[in-house]
Amino acid sequence: RQFQPLDEYLTGEMERTAGDDLVSQMDGIFQTPEKARDWYFSNIRALGGERPYDVCKRGQGNLVIDVLIRLNYWMFS
């Protein structure tokens with residue numbers, strides 16, 4: 001558990017910038033908080049190569065929600 005403090009910090013930052021509803025959506029789609037967090041801090045092609053974290057920090061969480069909706073539809077259609 002060498003990275004536990006980092007994991008806790010990133011989880012807190014995700015919750016702070018994304019908000020509870022968006023975090024719940026990510027957890028539901030990715031099925032674990034760890035996978036949701038990894039996705040949130042990764043560069044995403046559908047966001048022009050930006051991280052969902054950066055997009056949410058700018059107050060554009062709606063763009064992240066749009067990507068999640070498309071991802072969820074693709075995964076379960």
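Me: Leaving aside neighbours within four places in sequence, which residues is Arg37 in contact with?
Reply: This is a predicted model, where local features need pLDDT of at least 70, side-chain atom pairs count only at pLDDT 80 or more, and totals for chains, interfaces and linings use all residues. Numbering runs from 1 along each chain as its sequence is written, and side-chain values use heavy atoms, with hydrogens and water left out. Contact here means heavy atoms within 4.5 Å. On that basis, Arg37 touches Asp7, Leu10, Thr11 and Met14.

Me: Is Arg37 buried or exposed?
Reply: Buried means under 20% relative accessible area, exposed over 50%, and partly exposed in between (1.4 Å probe, protein chains only). Arg37 has a relative accessible area of 9%, so it's buried.

Me: What links the side chains of Arg16 and Glu13?
Reply: Arg16 counts as exposed at 56% relative accessibility, whereas Glu13 counts as buried at 9%. Their side chains meet at 2.6 Å, N to O. That's a salt bridge (a side-chain nitrogen of Lys or Arg within 4 Å of a carboxyl oxygen of Asp or Glu).

Me: Which residue forms a salt bridge with Glu50?
Reply: Glu50 itself is partly exposed, at 29% relative accessibility. The closest N and O atoms are 2.6 Å apart, and the partner is Arg58.
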